[in-house]
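Have the structure open as you read.

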Amino acid sequence: MKVKMAISYPTVGASGRTGDWRVFRPVINQKLCIHCYNCYVFCPEGTISPELGVDYEYCKGCGICANECPSKAIRMVKEE
Ligand code: SF4
Ligand code: SF4
């Protein structure tokens, strides 16, 4: 499935690399993923790529992607 959307991509801003202060990180279980692209659409930081990779430099760990995933394929894991 090809997805085309007008979205921006994260860059270094006043807050720097926002991934630096993340407490939880989203981890996608590809076996459970049904490729609905909810996570890609709802991520407020645009840190999920069309290939469903997460840019951990800028992901702030808000958990919206996990919340919007209909198949519970995204787990929020505590950062060490
Ligand atoms: S945790 Fe938040 S910032 Fe990180 S990928 Fe999910 S929705 Fe985007
Ligand atoms: S929201 Fe969940 S099922 Fe949908 S593409 Fe993302 S990880 Fe896959």
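1. Arg22 is buried, at 9% relative accessible area (buried means under 20%, exposed over 50%, partly exposed in between, with a 1.4 Å probe and protein chains only). You'll find Arg22 in the segment before β1 (24-28); strands are DSSP E runs of at least two residues and helices H or I runs of at least four, numbered from the N terminus.

2. What does the side chain of Arg22 meet in there? One of its polar atoms lies 2.8 Å from the backbone oxygen of Tyr56, and the backbone oxygen of Cys59 is also 2.8 Å from a polar atom of that side chain. Neighbours within four places in sequence aside, Arg22 is in contact (heavy atoms within 4.5 Å) with Tyr56, Cys59, Lys60, Gly61 and Glu79.

3. A caveat: this is a predicted model, with local features needing pLDDT of at least 70 and side-chain atom pairs pLDDT 80 or more, while totals for chains, interfaces and linings use all residues. Side-chain values use heavy atoms, without hydrogens or water, residues are numbered from 1 along each chain as its sequence is written, and chains are lettered from A and ligands numbered from 1 in written order.

4. Beyond four places in sequence, Ile48 is in contact with Cys39, Tyr40, Cys43, Gly53, Val54 and Cys65.

5. Ligand 2 is surrounded by 13 residues, the closest being Cys33, Cys36, Tyr37, Cys39 and Cys69 (a heavy atom within 4 Å counts).

Conventions:
Polar contact = N/O pair within 3.5 Å; in protein donor to acceptor, adjacent residues only side chain to side chain.
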